[in-house]
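Here is my note on the model you sent over. Have the structure open beside you as you read.

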Amino acid sequence: MEFKKHLPKSISFTASKDWFYSQYFKKCGLRSTATDLGEGTTIHSWVPHPHNPSKPTLLLIHGFGANAMWQYSHVLPHFTPHYNLYVPDLIFFGHSLTTRPDRHEAFQAECLLAAMRYRGVTKMSVVGISYGGFVGYHMGVQAPEMVEKLVLCCTGVCLEEKDMHNGLFRVADVQEAISILLPQTPDKLRELMTLSFVKPLKAAPPCFLADFIHVMCRKNVKERGELIEAILKDRQLSNLPRITQPTMIIWGEEDQVFPLELAFRLQRHVGEKTEIRVMRRAGHALNLEKPKEFIHYLKSFLL
């Protein structure tokens, strides 16, 4: 099944940019597909067209924000010559949905693994940004025979529920985090940009921010909020399984969403097979803020 996107009849910068991203993904040799996993669950992905059995496979998992295309478009030309690239939308983002009640990142991992098996993939490396890193980590736990290498970028997988109460984060509670990570007003979107970037774009007109919210942030708000709640609920580091794959951790030195302390906590938890790279003058959105450095680290580890 292929999703066909068309330029909107009304003027929308966000919808137009989303359409151009889709055309760029096609130009890079990917096609849009939907995999029906049953039980009301569908995973939409950009997949190689065709899959080349002589190449290894790389899965790119996005974080909270728009959809997979917006976070990884700049990565494609650097890796399509070397890898079969798969770029899925996580459930409740883009065109991926479920009617099941499970909101834990382990369920997201289970669904991505099922979608990759459906595509005939048996071995892959995984890159996960922010929330996508939570999902990638659990893929490594659930299927060590499939996941060969992991890159975890600014992902607070080692956070604990008590960290919120102890003041580790800039937000006071989960509801405040939801209001920022799922912005419904231009002011909240500006707040998210301030938390995500060292040098946020300050001159963005309110009409552009409102347009982005209308196109990207108004769908599945309740369900996405439940995903955030599930991240923190009863979370203890002692209950987090360990992964065994070679792992690179990439973090922004000035990350205000998941502070740098969590990077070193993750390094200690994973152990000796871990490399860590801290990007100076970079925040949480390091893949967008420092794209050249980000791609350099990916290449040094994966290629």
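This is a predicted model: local features need pLDDT of at least 70, side-chain atom pairs count only at pLDDT 80 or more; totals for chains, interfaces and linings use all residues.

1. From the record, UniProt places the feature "domain: AB hydrolase-1" (unreviewed entry) at residues 58-295. Across residues 58-295 the chain is 42% helix and 14% strand, with the end C-alpha atoms 14 Å apart.

2. Eight strands make up an open sheet with mixed pairing, in the order β1-β2-β4-β3-β5-β6-β7-β8. At the edges are β1 and β8, each of which pairs on one side only. On average, neighbouring strands of this sheet are turned by 20° against each other, direction ignored.

3. Next, the β1 end. Strands β1 (residues 30-38) and β2 (residues 41-48) run antiparallel and are joined by eight bridges. Leu 30 of this pair stands opposite Pro 48 in β2. Two residues lie between the strands of the hairpin, where Glu 39 takes a positive phi near 55°.

4. Further along the sheet, strand β3 (residues 57-61) pairs with strand β5 (residues 124-129) in the parallel sense, over four bridges. Here Leu 58 stands opposite Ser 125 in β5.

5. Which residues of β7 point one way, and which the other? Thr 247, Ile 249 and Trp 251 point one way, Met 248, Ile 250 and Gly 252 point the other way, and all are buried. In a regular strand, side chains alternate between the two faces of the sheet. Strand β7 covers residues 247-252, and six of its six residues are buried.

6. How is β7 held on its two sides? With strand β6 (residues 147-153), β7 pairs in the parallel sense over four bridges, and Thr 247 is the bridge partner of Leu 150. With strand β8 (residues 274-279), β7 pairs in the parallel sense over six bridges; there, Gly 252 has Met 279 as its bridge partner.

7. Helix α11 lies across β6, β7 and β8 and runs at about 170° to β7.

8. Finally, a helix pair. Helix α1 (residues 13-27) packs with helix α9 (residues 206-216) at an angle of about 60°, their axes 8 Å apart. Because of that angle, α1 counts as oblique to α9. The contact involves Phe 13, Thr 14, Ala 15 and Asp 18 of α1, together with Phe 208, Asp 211, Phe 212, Val 215 and Met 216 of α9.

Technical notes: Residues are numbered from 1 along each chain as its sequence is written. Side-chain values use heavy atoms; hydrogens and water are left out. Buried means under 20% relative accessible area, exposed over 50%, partly exposed in between (1.4 Å probe, protein chains only). Two strands pair if DSSP finds at least two bridges between them. UniProt positions are given in the numbering used here, feature names are shortened, and annotations may be inferred rather than shown by experiment. Axes are lines fitted to C-alpha atoms, for helices over the stretch in contact, and angles run from 0 to 180 degrees between N-to-C directions. Angles under 35 degrees count as roughly parallel, over 145 as roughly antiparallel, 65 to 115 as roughly perpendicular and the rest as oblique. Contact means heavy atoms within 4.5 Å.
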